[in-house]
Amino acid sequence: MRIANLAGRAVIVVDDRAVDIAAASDGRHGPDPQSLFDDWDGFRAWAASADTPPGVPFGTSDLAAPAPRPRQVFAIGLNYAEHAAEAGYPPDEMPVTFTKFPTSIVGPDHVVELPEGNVDWEVELVVVIGREGFRIAREDAWSHVAGLTIGQDLSERVMQLQGTLPQFSLGKSFPGFGPTGPWIVTPDEFDARDDLAISCTLSGERMQSSRTSMMLYDVPELLARLSAVATLLPGDLIFSGTPSGIGNRRTPPRFIGPDDVLVSEIEGIGSLVTRFTAVG
């Protein structure tokens with residue numbers, strides 16, 4: 001099942017049509033996309049047996065962030081060995097964890113206003129939590145996942161790296177720096193949910209290409225490690241890390257400019273398009 005945010009209303013996407021969840025469920029679920037996660041098990045039970053209408057056509061330009069107001073956003077650094085190597089950091093015994101502040105979260109086809117500095121790309125698999133959990137066992141982790149979506153951990157490297165210690169969270173939380181979408185895909189839709197092709201192109205040039213099976217900490221391990229410290233809440237997001245190929249490790253470095261188009265793709269989910277403009 002694919003769940004999207006169509007102009008602020010929760011919808012089920014079937015082929016190229018959208019079914020309004022609040023209307024189809026007689027108000028039991030929705031219309032607020034974020035509210036779906038508060039009763040995720042109830043929603044899934046309803047959706048499994050519902051006789052939904054055919055829905056209406058839509059365009060991705062009408063879609064917003066599928067989980068628009070997460071209470072917590074976890075972000076993982078250096079979670080692919082080749083990215084850790086290009087960044088000059090050996091893999092650690094614990095996943096490098098920071099946050100992107102929730103105000104950075106936007107949806108597909110968003111136009112990001114570039115701040116001063118050097119803005120870089122980082123395509124990532126984003127995990128959406130569907131069931132609250134603390135000290136989640138690895139073998140139970142997928143039962144806490146509502147679904148998967150595509151994300152970009154956009155990063156302004158000057159802010160991120162200034163000072164004696166890096167400012168990961170601030171450098172990655174400018175407005176629009178957390179594009180997600182185009183929809184959430186439930187785990188049962190994937191043939192191999194732990195091994196998905198992941199890539200991105202910048203204005204037609206391939207920048208990153210890998211598979212999520214190359215993660216040092218896979219999705220179950222991330223949920224187990226994070227929930228050992230913090231309670232994971234319904235609707236939370238986990239940006240699970242990026243593979244190699246980022247701009248500031250290229251020779252010469254390359255960064256995003258006005259009018260660039262960033263296309264991020266993950267197998268079984270689709271593509272997320274992000275556009276850019278100069279500061280007005």
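This report describes the fold of one protein and looks closely at a few of its residues.

## About the model

The model is predicted: local features need pLDDT of at least 70, side-chain atom pairs count only at pLDDT 80 or more, and totals for chains, interfaces and linings use all residues. Residues are numbered from 1 along each chain as its sequence is written, and side-chain values use heavy atoms, leaving out hydrogens and water.

## Overall build

The protein has six helices and 19 strands. Helices (H or I, at least four residues) and strands (E, at least two) are DSSP runs, numbered from the N terminus. The radius of gyration is 18 Å, close to the 19 Å that the globule rule gives for 280 residues, so the protein is as compact as a globular protein of that length. That radius is taken over C-alpha atoms, and the rule is 2.2 Å times the number of residues to the power 0.38. The C-alpha trace spans about 55 × 45 × 30 Å along its principal axes.

Of the 280 residues, 52% count as buried. Buried means under 20% relative accessible area, exposed over 50%, and partly exposed in between (1.4 Å probe, protein chains only). Take contacts between residues at least 6 apart in sequence: 75% of them join residues at least 24 apart. A contact means heavy atoms within 4.5 Å.

Strand β2 (residues 9-14) pairs with strand β3 (residues 17-20) in the antiparallel sense, over four bridges. Two strands pair if DSSP finds at least two bridges between them. I12 has V19 in β3 as its bridge partner. Two residues lie between the strands of this hairpin, and D15 takes a positive phi near 55°.

β3 also pairs with strand β4 (residues 56-57), again antiparallel, over two bridges. Here R17 stands opposite P57 in β4.

## Two loop residues

N248 sits in the loop between β17 (237-239) and β18 (261-266). Its relative accessibility is 18%, so N248 counts as buried. Leaving aside residues up to four places away in sequence, N248 touches D120, R157, L161, P253, R254 and F255.

T231 is in the loop between α6 (219-227) and β17. At 29% relative accessibility, T231 counts as partly exposed. T231 and E132 are 99 residues apart along the chain, yet their C-alpha atoms are separated by 7.0 Å. With residues up to four places away in sequence not counted, T231 touches Q72, E132, G133, F134 and D236.
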